[in-house]
Amino acid sequence: MPNPIANADSDVMISLHDLRVSYGDREILHGVNMEVKRGETLVILGGSGSGKSTLLRTLVGLEKPSSGEIWLKGKNLASISDDDLDEIRRKMGMSFQSGALFGSMTVGENVGLPLREHTKLEDSTIEIMTRLKLEQVGLGGFEDYFPAQLSGGMKKRAAVARALSMDPEILFFDEPSAGLDPIIAAGIDQLILELKQAFHMTIIVVTHELASAFLIADQMVYIDKGVIIAQGTPAEMKANPLPRVRQFFDRVAEPEVEQEMDYLQMLTATHRRPNR
Amino acid sequence: MKIVERFVGEATILDITGDIDLSSSPDLRKVLLRELKEKRTPRVIVNLIAVRYIDSSGVASLVEGLKASRDTGMRFALVGLSKGAREVLQLSRLIKIFEIHDNEEQALA
Amino acid sequence: MLAYVGALARLTSQAAYYAFVGPFRGRPLRLGRAFSQAMEVGVRALPVLSLITFFIGLILAIQGAYELKKFGAIHFVADAVAITMTRELGPLITAIVVIGRSGSAFAAEIGTMKVNEEIDALETMAISPVQFLVTPKFLAMILMLPCLTIWANFMGILGGSLFGVLKADFTFVEYMRASVSALFMRDIVTGLIKSVMFGMTITAVGCSEGLATGQGAESVGKSTTAAVVMSIFLVVVVDLIFTSLFFFAGGI
Ligand SMILES: Nc1ncnc2c1ncn2[C@@H]1O[C@H](COP(=O)(O)OP(=O)(O)O)[C@@H](O)[C@H]1O
Ligand SMILES: [Mg+2]
């Protein structure tokens, strides 16, 4: 049962061409190319600080690339009108690494907010939808709590529920199960699989959990220092011979790659304060 | 989305065609609640066979219908769920809460 | 500085768009949020504002009397207080109290949301942060500041009357009558026009400092301080501009 809004002429939801993103004059992503098809689950792997969150933030239009192209549902983000971007964003859900729940609202109000802002649904309908979403992430009964009253893992799940509230076509998850206990984390994996099945959602997940990654992924990419160094199906990734990738999958600690002189240089370099 | 009303014996049957999504759910809700309030027949059957897509606002509207039927003491059933619709109800753990039949004959029996 | 003022003007015009034009273009206004802001900005400011302006009125009367006594004109103290309050100090003191209470709170609230990625979350939900956060504050401010200003004027005159009754041989009713007859409509109106401009300035500075917050909790503190200092400065500048405008252009 594909979502009827499907863009008939293309099965490609997202494609990136030589995407470069910088914060100030520090480049974080150095030319990323990838493609995500409708209904596919893409898992983004990589060490921390490698640019995964930056990639997600750029995909949803929060960071402007310094060069390269982002195509979302056949539209170039660089030249899209504000109304078109809003239209795409209404069909998009994002759960932030930090949760980013609205601290001044209850969990229920957080989840219901996009519905209240964008639809003409009755309050009673919105309330039921909110409870359904919270139930799906295992937070049934917590709608009247404030984010500050929740544990880190619960916040994360509330953020997932909020990302789901508009039944999006594309879902972005930034480490949805980091810091959750294994049973709850498995519940999130299950939810991702069910969403894909029931709604044919396109899902992009950043995660560190290898077991989870192999369970949910159709495609994987591995980012290292702002460059995709490996991509493919889970099976292809398992067979990837690159040492960096092997290390990550085999959970080997980083070897001492730096040359002794570089290391000395680094330790003794004259300090320059970063200008803000 | 279109809703057509039929009366078969003791039951009102609502034939729904098209997509039940954020924009059409309010209409579905209105029709359901009116039908359940007017109590023209002791049973209301929602026929979803021609529904291609139902999102969670549609599911929530059906839940409101079910609740209203309990309040007014009427029977409320769903028929003709597609595989997708079943999955959506399954996802919301509602599959056992609704009275669900494969087809109209069964629902009327 | 010019770029800063330009950015404030842009933010104000966006907020005004969502307040006055948006509702006719299918972007309904959420009056509930504006109402709760109005309570916070307006009603909760009343106690402290009343006290401060009462004292200011009293101080004005004492200081005025000191000068007027030299000319044997102490009975003009009611006129002096009434005019100074309504034309100048009522709007200004109100603005400064509101900066301290609400301008800083706007910066802190929005700054905290910025740091917590809540502003980003709004954007990914296709909810405009300006429409959602700034417009209700803008509406509350341009509505409540004039109301507070009228109240401040009244409290100031009341403060003056305390001196008038105790030290200048007025009865309370005489003092009030003298104050009212000293005032012209234009004194009140120019004060209120100023107060609306102050309201816009405070909202724009508070919100834009909040939105410009960097990373980390300590930058929220920086934004809040910047909002207060900048608002006071700009309110005085706006005051100067409008006072001169009224004086030189309108002769009022
Ligand atoms: N807002 C920002 N300003 C400046 N640098 C940033 C910002 N966000 C992230 N970075 C830097 O970008 C790099 C990549 O960060 P991020 O995308 O969060 O990595 P990951 O999610 O893979 O852990 C890091 O070195 C981080 O210090
Ligand atoms: Mg990250």
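This is a tour of a predicted model, stop by stop, with what to select and what is there.

Residues are numbered from 1 along each chain as its sequence is written, and chains are lettered from A and ligands numbered from 1 in the order in which they are written. Local features need pLDDT of at least 70 and side-chain atom pairs pLDDT 80 or more, totals for chains, interfaces and linings use all residues, and side-chain values use heavy atoms, with hydrogens and water left out.

**Chains**

Colour by chain. Contact means heavy atoms within 4.5 Å. There are 2 pairs of chains in contact, and chains A and B share the most contacts. Chain B and chain C do not touch, and 15 Å separates their nearest C-alpha atoms.

**Chain A: the hairpin**

Helices (H or I, at least four residues) and strands (E, at least two) are DSSP runs, numbered from the N terminus; two strands pair if DSSP finds at least two bridges between them. Strand 1 (residues 12-23) and strand 2 (residues 26-37) of chain A are antiparallel and are paired by 9 bridges. They form a hairpin with 2 residues between them, and in the turn A:G24 has a positive phi of about 60 degrees. A:Y23 has A:R26 as its bridge partner in strand 2 of chain A.

A:R20 is opposite A:S67 of strand 4 of chain A.

**Chain A: the magnesium ion**

Select ligand 2 and show A:S53 and A:Q97. These two residues are the protein donors of the magnesium ion, through OG of A:S53 and OE1 of A:Q97, at 2.0 to 2.2 Å. Donors are N, O and S atoms within 2.8 Å of the metal (3.2 Å for Na, K and Ca); water is not among the atoms, so sites may look incomplete. A:S53 belongs to helix 1 (residues 52-59) of chain A and A:Q97 to the loop between strand 6 (92-95) and helix 3 (107-118) of chain A, so the pair ties together parts that are 44 residues apart in sequence.

A:S53 is partly exposed, at 23% relative accessibility, and A:Q97 is partly exposed, at 35%.

**Chain B: the sheet**

Move to chain B and show the strands. An open sheet of 5 strands has the order 1-2-3-4-5, with mixed pairing. Strand 1 (2-8) and strand 5 (99-101) of chain B are at the edges with a single partner strand each, so one side of each has no neighbour in the sheet. From one strand to the next the twist averages 25 degrees.

In the sheet, strand 2 (11-20) and strand 3 (43-54) of chain B are parallel, with 9 bridges; B:D19 has B:Y53 as its bridge partner. Strand 3 of chain B is largely enclosed by the rest of the structure, because 9 of its 12 residues are buried. Strand 4 (residues 75-79) of chain B runs parallel to strand 5 of chain B, with 3 bridges; B:L78 is opposite B:I100.

Select residues 25-38 of chain B next. This is helix 1 of chain B, lying across strands 1, 2, 3 and 4 of chain B at about 175 degrees to strand 2 of chain B. Axes are lines fitted to C-alpha atoms, for helices over the stretch in contact, and angles run from 0 to 180 degrees between N-to-C directions.

**Chain B: helix 3**

Select residues 83-91 of chain B. The buried residues of this helix are B:G84, B:A85, B:E87, B:V88, B:L89 and B:L91. Their packing partners include helix 4 (123-136) and helix 6 (182-199) of chain A, and helix 2 (56-72) of chain B. Just after the helix, B:R93 has a positive phi of about 55 degrees.

**Chain C**

Finish with chain C, which has 9 helices and 0 strands. Its C-alpha atoms fill a box of roughly 70 × 40 × 35 Å along the principal axes. Of its 252 residues, 50% count as buried.

Select helix 4 (residues 77-115) and helix 6 (residues 129-167) of chain C: they pack at about 145 degrees, with axes 7 Å apart.

Last, select C:D120 in helix 5 (residues 118-124) of chain C. C:D120 counts as buried, at 13% relative accessibility. Beyond its neighbours within four places in sequence, C:D120 contacts A:R57, A:L62 and A:F96.

Technical notes. Buried means under 20% relative accessible area, exposed over 50%, partly exposed in between (1.4 Å probe, protein chains only).
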